[in-house]
Amino acid sequence: MVTVAGPMGEDSVRAAGGVPELVRQAPGDPSSSRDTTAAVEAMRDVDLLLFAGGDGTARDVLDGSPSCPVLGVPAGVKVYSGCFAVSPAAAGTTAAEFGRDAGRAGGPGSTGGTGSTLAAEVVDLDEDAYRRGRVSPLLYGTLRVPAARARLSGRKVGSSAAAPGSAEAIAREVAARMRPGVRYVLGPGATTMAVGRLLGLATTLLGVDVVQDGELVAADVTERRLLGLVDGHETCAVLSVIGGQGFVLGRGNQQIGPAVLKKIMASGGLLVLATQQKLAGLGGRPLLADTGDPEADALVAGHVSVITGHRESAVYRIRPATEEFPA
């Protein structure tokens with residue numbers, strides 16, 4: 001394992017029982033995006049470059065102009081780029097297989113021989129569009145990744161393809177299903193924000209909010225605060241689907257962590273929201289949960305009712321992301 005000193009890689013390799021080979025780089029404390037780019041430049045001769053993070057980290061890797069294939073390990077944030085594995089476990093399996101292929105093909109820099117890489121897009125949020133209330137990712141470039149499409153999360157599809165009024169129709173159905181005395185945890189996203197807008201509440205686009213009986217209990221909560229808010233209350237999580245990827249839990253809504261999810265599943269359960277276009281765009285692939293806790297993810301496995309419009313819903317399969325790749 002070739003890596004960087006300290007928390008940029010060395011500590012993790014040693015904690016896993018490995019012996020790291022360190023590049024000559026002294027990262028700052030804390031490390032910066034420039035440290036990431038410098039690390040990429042220093043490790044350009046490895047067989048496969050793994051990085052953990054989100055779209056910002058992917059952009060830093062791209063700035064380093066890697067000459068080798070790369071693979072992103074998802075760290076729980078919502079990612080729009082297509083260079084990430086569907087889960088950390090999928091990244092590990094892909095890296096192990098790619099390493100064996102590279103070894104058979106003849107050493108550092110090899111692409112493994114059997115059509116082992118493909119181009120994946122690096123995209124990030126358009127902050128100006130976000131300030132106008134629209135999530136619109138921008139394309140920055142492409143990276144070569146292992147050709148394991150079943151294990152890649154795929155680029156997030158934006159909401160522009162949805163029919164006008166779709167989010168509002170879904171919000172009307174959610175509001176109609178809300179019951180007195182029940183707390184509703186609204187996850188991030190434009191569709192869930194439409195629910196708050198319909199209720200006349202100042203909810204957040206990328207945060208997690210809690211409402212009850214038409215009132216805003218708390219906005220943009222942390223996981224710790226959310227755990228206290230759901231404890232002892234019948235609670236339902238209202239979550240949207242990430243277009244093109246299918247993630248419901250574990251991407252951009254870390255506040256709904258394993259401990260929170262276990263309490264929610266023991267009381268009210270999930271309300272999943274998606275336009276018909278989003279479900280069709282999955283091509284039959286399941287919805288995914290990746291909280292980092294297999295026991296918590298297993299609680300949502302099976303089938304869930306997805307609200308697709310006013311008085312419209314579909315039963316759809318959901319499963320842990322760690323299961324959604326070939327063994």
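In this predicted model, Ala-52 stands opposite Val-73 of strand S4. The two strands involved, S3 (residues 49–53) and S4, pair in the parallel sense. Five bridges join them.

Strand S4 spans residues 70–74, and five of its five residues are buried. The strand is therefore largely enclosed by the rest of the structure. In a regular strand, side chains alternate between the two faces of the sheet. Both faces of S4 are covered. Val-70, Gly-72 and Pro-74 are buried on one side. Leu-71 and Val-73 are buried on the other.

Helix H6 covers residues 166–177 and contains 12 residues. From its first C-alpha to its last, H6 reaches 17 Å. This is close to the 16 Å expected at 1.5 Å a residue. The buried positions of H6 are Ser-166, Ala-167, Ile-170, Ala-171, Glu-173 and Val-174. Viewed down the helix axis, the buried residues of H6 fall within an arc of 160°, so they line one face of the helix.

The side chain of Glu-173 meets that of Arg-177 in a salt bridge, at 2.9 Å from N to O. Both residues lie in H6, four residues apart, which is about one turn of the helix. Arg-177 is partly exposed, with a relative accessible area of 33%.

Glu-168 and Arg-197 meet through their side chains, with an N to O distance of 3.2 Å. This pair links distant parts of the chain: Glu-168 sits in H6, Arg-197 in H7, and 29 residues separate them. Glu-168 is partly exposed, at 38% relative accessibility.

The salt bridges number 10 in total. Another of them joins Arg-151 to Glu-97, with the closest N and O atoms 3.0 Å apart. Here too, distant parts of the chain are linked. Arg-151 lies in the loop between strand S6 (137–146) and H6. Glu-97 lies in helix H4 (residues 88–105), 54 residues away. Arg-151 is buried, with a relative accessible area of 7%. Glu-97, at 28% relative accessibility, counts as partly exposed. Elsewhere, Lys-262, Asp-293 and Glu-295 are linked in a salt-bridge network.

Gly-302 is partly exposed, at 29% relative accessibility. Apart from residues up to four places away in sequence, Gly-302 touches Tyr-316, Arg-317 and Ile-318. Pro-320 lies 18 residues from Gly-302 along the chain, and their C-alpha atoms are separated by 9.6 Å.

Notes
Residues numbered from 1 in each chain as written. Predicted model: local features only at pLDDT ≥ 70, side-chain atom pairs only at ≥ 80, totals over all residues. Heavy atoms only, no water. Buried < 20%, exposed > 50% of the residue type's maximum accessible area, 1.4 Å probe, protein only. Pairing = 2+ DSSP bridges. Expected span 1.5 Å × (residues − 1). Arc of directions from axis to C-beta. Contact = heavy atoms within 4.5 Å. Salt bridge = Lys/Arg side-chain N within 4 Å of Asp/Glu carboxyl O.
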